[in-house]
Every structure is written in C-alpha cells, then in structure tokens.
Amino acid sequence: MRVILAQPRGFCAGVVRAIDIVERALEKYGEPVYVRHEIVHNRHVVEALKSKGARFVEELTEVPDGAVTVFSAHGVPQTVVKDAQSRGLPVLDATCPLVSKVHSQGKRYVAHGRTLVLIGHAGHPEVEGTMGQVGAPVHLVQSEKDVETLPIPSDAPVAYVTQTTLSIDDTKGIIAALKRRFSDIVGPETSDICYATQNRQMAVRDLCRVADVILVVGAKNSSNSNRLREIGIEEGVPSYLITDGDELDPSWVRGMKTVGLTAGASAPEELVLNVIAALRRIDADLEVSQMHGKKEHIEFRLPAELRN
Ligand code: SF4
C-alpha cells in the first residue's frame, strides 16, 4: 500500500495565528486565559492548550471579572463584543482576518442600503458571528432551494457574502441561483471562500485522480474538513473523516493500493503522522510520498499587544 499526502494540508494561517494568540497570552499574562468557544475546531489542539492553562467556555458569563479573554478564530457577534466591553474584560480577538473581512463587506453592503444574504451553514459559529456583526437582519441560505423562498422582493437591492470554509462548487451554484432570482444583486469581487479552503479543496480533487480511498484528518465539527470529505465522495472516491489513527477502520483501506491522506485547516500535522502510523500497523511496508502542490506563504499579524 502507498500513501500520498495532499499538498497543502492541515493548518492555515488563521489557525496558526489563533493558537499563537492563546499561547502568547498565557506567556504574557499567565494562566488562566479564558477562550470563548473552541479556539479552532480540533479537540487535540484544545486539549494541548488546556494543559498549558487555557480554559474553554461557551459564554462570557462563565468568564470571571477581569480575566483575559480570547475570541475564537470563527469570530463573534457584536453582542458578545459589547458584553465584554461593558464588563471591562481584557479581550484578545483571534477572529481570522479573512472572517473579519467578510464582516466588513457585509457591513458595507448594508450601509449602502442592500439586504444581505449570507451563504453558510446554520449553527456554525462563523455564521452566527457574521450574522451578529452586520447590525441588520441577515438572510441565511444553505442551498439553491433556500434561494427560492427568500422573503425579499426580486427587484430589491441585495448583496451576498459567504462563510469562508464552504465548497467552492456549492457556493457557485447558490450564487448563480441568487443572480437568477434578484435583478439588483452584488457580491464580493473575489470569492469569500478563503485561500486555505480553496487550496485544500483543489489538492484533494487532484488526490482523487490517483487515490482509491481518501482519508481526511479533522474534527467532525470542522466545516472545511467536512467539505474535503464531501469533495472526495463527489469525485467518486470513498472518503472518510477521522479525528486520528484510532478512528481508522482497517476495512476501509484493506486491498487498496493508494490511500490519499489530507487534513483540514484546524488539524495538526502530528495527527496526520498518527494516521500514517495506524496505516503502517495495517501494512508494515507502507510507502509514503507527497503530491506536488501549491506552497502557501501567508502569515497574519498578531494583535499589537502580543507582538514581540
Ligand atoms: S480556514 Fe481560512 S478563514 Fe478559516 S481560519 Fe483558516 S485562513 Fe481563516
């Protein structure tokens, strides 16, 4: 059996920055540092930060007065920002700059008198954050079918923005449906789907050309990891999302010549190595190689108070 690793895979710049923020906050301010929601959707990352002194909470009411508080990479609604301000909590915002960019776009469209449509998944924290940042009602659509039932007149001025971690193709279909339904609609000049999501999706499509089965390392609640698995299925290759090597079912890979292995943007490389070790327990002669792919050089600056 051979394993081909997707390139790029795993951590994106937004995830690296978010983890850095928590680690540097712990170094600078000491423990505990409170983090609202999982800093990124990966249990392994969360547990590692917990062991260093981070405390994860779902709501600000769980944060004691005066405690250093970090907002997760997914972003937060304005109500949460205001709550933190009114309590005087020292906040470090780990919202990915590409998510913040979507917030700004949405606000701009609303300021220009447009009704905003957000393409995304209900219940995802990024979607809740974006809907709560815009300061006006936002219509969420999850599918082309949802577009038909939007309670907005067809000639109203409309704009759309999207969640950053969707499938490029699904979004295209929904945007096309929106353009058919509304005569005066605008959207961002370049897609909101972030560079990391796009690159990982393209890499998994390439991998599907040579792999008999695709394994995606990532958390079940990680949007971008789920999309990678769905792309594998769309391409006709059996595809599985696994947290680590313990979740690998040997029957998925037995008799397969080529296993394609990738990782979502919030999955650390050590979990990829953990899956390779699990595959090696199935086939001791496993060969491992890496696809040629796009090199990523994007880095995001840390908040000013944590630089140096
Ligand atoms: S997947 Fe994209 S939007 Fe999400 S944290 Fe990474 S770079 Fe930012």
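**Figure 1. Residue classes in the lining of the largest pocket.** In this predicted model, the lining of the largest pocket has five nonpolar residues, five charged residues and no polar ones. The residues that line this pocket are A13, V16, R17, D20, I298, E299, F300, R301, L302 and R307. The space in the largest pocket comes to about 150 Å³.

**Figure 2. The largest cavity and its lining.** One cavity of 30 Å³ or more is counted in the model. The volume of the largest cavity is about 290 Å³. Its lining is made up of 24 residues, and those that lie nearest the centre of the cavity are V15, H74, T164, T165 and N224. Divided by class, the lining of the largest cavity holds 12 nonpolar residues, 11 polar residues and one charged residue. At least two lining residues are supplied by each of the helices α1, α4 (97-111), α8 (195-208) and α9 (223-234). Helix α8 gives the most to this lining, with three residues.

**Figure 3. The ligand and the shell of residues around it.** The ligand takes up the space of the largest cavity. Around the ligand stand C12, G14, C96, L98, T164, T165, C194, Y195 and A265. The shell around the ligand consists of six nonpolar and three polar residues, with no charged residue. T164 and T165 belong to this shell and are also among the residues nearest the centre of the largest cavity.

**Figure 4. The four-stranded open sheet.** Four strands, in the order β3-β2-β4-β5, form an open sheet with parallel pairing. Strands β3 (54-57) and β5 (91-93) stand at the edges and have a single partner strand each, so one side of each is left without a neighbour in the sheet. On average, neighbouring strands of this sheet are turned by 25 degrees against each other, direction ignored. Within the sheet, strand β2 (residues 33-36) pairs with strand β4 (residues 69-71) in the parallel sense, over three bridges. R36 has F71 in β4 as its bridge partner.

**Figure 5. The five-stranded open sheet.** A further open sheet is formed by five strands in the order β11-β10-β12-β1-β13, and its pairing is parallel. At its edges stand β11 (239-242) and β13 (287-290); each has a single partner strand, so one side of each is left without a neighbour in the sheet. Strand β10 (residues 213-217) runs parallel to β11 and is joined to β11 by four bridges. The bridge partner of V216 in β11 is L241.

Figure 6. The peptide bond from Q7 to P8 is cis, with omega near 0 degrees. P8 is placed in the loop between β1 (2-5) and α1 (13-29). A cis peptide bond, with omega near 0 degrees, also leads from E31 to P32. P32 is found in the loop between α1 and β2. H37 lies in the loop between β2 and α2 (43-52). The phi angle of H37 is near 70 degrees, a positive value in a residue other than glycine.

Methods: Residues are numbered from 1 along each chain as its sequence is written. This is a predicted model: local features need pLDDT of at least 70, side-chain atom pairs count only at pLDDT 80 or more; totals for chains, interfaces and linings use all residues. Side-chain values use heavy atoms; hydrogens and water are left out. A residue is near a molecule or strand if one of its heavy atoms lies within 4 Å of it. On a 1 Å grid over the protein atoms alone, a cavity is a set of points where a 1.4 Å probe fits but cannot get out, and a pocket is an open set with protein on both sides within 12 Å along at least five of seven lines; lining residues have an atom within 4 Å of a point. A molecule sits in a cavity or pocket if more than half of its atoms lie within 2 Å of its grid points. Ala, Val, Leu, Ile, Met, Phe, Trp, Tyr, Cys and Pro count as nonpolar, Asp, Glu, Lys and Arg as charged, and the others, Gly among them, as polar. Grid points are joined across faces, edges and corners, and a volume is the space filled by probe spheres set on the points. Two strands pair if DSSP finds at least two bridges between them. Axes are lines fitted to C-alpha atoms, for helices over the stretch in contact, and angles run from 0 to 180 degrees between N-to-C directions.
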